[in-house]
Amino acid sequence: MKKTLSLVLIVLGFMANAQAIPTSIYGFKVEDISGNTFDFAQLKGKKVMIVNTASECGYTPQYKDLQELYTQYKNQNFVIIGFPCNDFFSQEPGSNNEIASFCKKNFGVTFPMMAKITVKGKKKHPVYQYLTEKKHNGLQDSSVKWNFQKYLINDKGVLEKVIPTGVSPTDPSIIAWITK
C-alpha cells in the first residue's frame, strides 16, 4: 500500500511538472526576440503563418518575400511569426540581438520575431510540439525538414496547412489561403 501511494505521488508530481500543450495557438505565450512576452491570444481572429528561420541558409532570401507578404496583408488580419532556430547545420549561430539586427538591416523585417528556439528533437519547443504532432494540432503529424518551413494557422487558432521550405511565401496557394 505504501509503495503504491508513493508511486502515485511520484507520477502526479511528474504530471504537475509536465507542460500541457494547448489545443490552439492562442494558448501559447513565448519570448520574443527582444526578451518580452508574446501572447498568441492577441492574434485571435487573424490568420497566422509560423516559420522557422535562419540567417545563413540557402533559403534566407525568403525573408524578403515574407516581409513583402506581411506588408501587403498585415492590415487584412494576417500576421507572420518568425522563430529562428539553429537546428540545421548551425545556420543560425547568432544571438537574438544579432538575429534581429541581421533581419532588420538585410531585409527590413517588421513582422514579429521570437527568441531562438529548437524545432525538432527532444528539446523541441512546445509551440513546435503543437505544430508537428497530430495529438495536439488535430490535423497531422509532421516534422520540420529544414529552415523556412511554414505552418498556416486559421483565424480560429487551428493548424490548417503545412508548407514545405521550397515553396515561396508568395506562392499563389498561400496568397489564396490568406485572402479567402
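Analyst: Helices (H or I, at least four residues) and strands (E, at least two) are DSSP runs, numbered from the N terminus. This is a predicted model: local features need pLDDT of at least 70, side-chain atom pairs count only at pLDDT 80 or more, and totals for chains, interfaces and linings use all residues. Residues are numbered from 1 along each chain as its sequence is written, and side-chain values use heavy atoms, without hydrogens and water.

Is asparagine 137 buried or exposed? Asparagine 137 has a relative accessible area of 4%, so it counts as buried (under 20%; exposed is over 50%, partly exposed in between; 1.4 Å probe, protein chains only). Which residues does asparagine 137 contact, leaving aside its neighbours within four places in sequence? With contact meaning heavy atoms within 4.5 Å, the list is Tyr130, Leu131, Thr132, Val158 and Leu159.

Strand β6 covers residues 159-163 and is joined to β5 by 4 bridges, with the two strands running antiparallel. Strands count as paired if DSSP finds at least two bridges between them. Across this pair, leucine 159 in β6 stands opposite isoleucine 153, while lysine 161 in β6 stands opposite leucine 152. Between the strands of the hairpin there are 5 residues, and glycine 157 takes a positive phi near 85 degrees.

Helix α2 covers residues 62-73. Its 12 residues should span 16 Å at 1.5 Å a residue, and the end C-alpha atoms are 16 Å apart, which agrees. The expected span is 1.5 Å times one less than the number of residues. Eight names make up the buried set of α2: Gln62, Tyr63, Asp65, Leu66, Gln67, Leu69, Tyr70 and Tyr73. Those buried residues pack against β3 (47-53), β4 (78-84) and β5 (150-153), as well as against the helices α3 (96-107) and α6 (172-179).

Helix α3, one of the partners of α2, has 12 residues and reaches 16 Å from its first C-alpha to its last, close to the 16 Å expected at 1.5 Å a residue. Glycine 108 follows α3, and its phi is positive, near 60 degrees.

Finally, the whole chain. The protein chain holds 6 helices and 6 strands, which follow the pattern α-β-β-β-α-β-α-α-α-β-β-α along the sequence. Of its 180 residues, 46% are buried, and asparagine 137 is a buried residue. Among contacts with a separation of 6 or more, 65% are between residues 24 or more positions apart.
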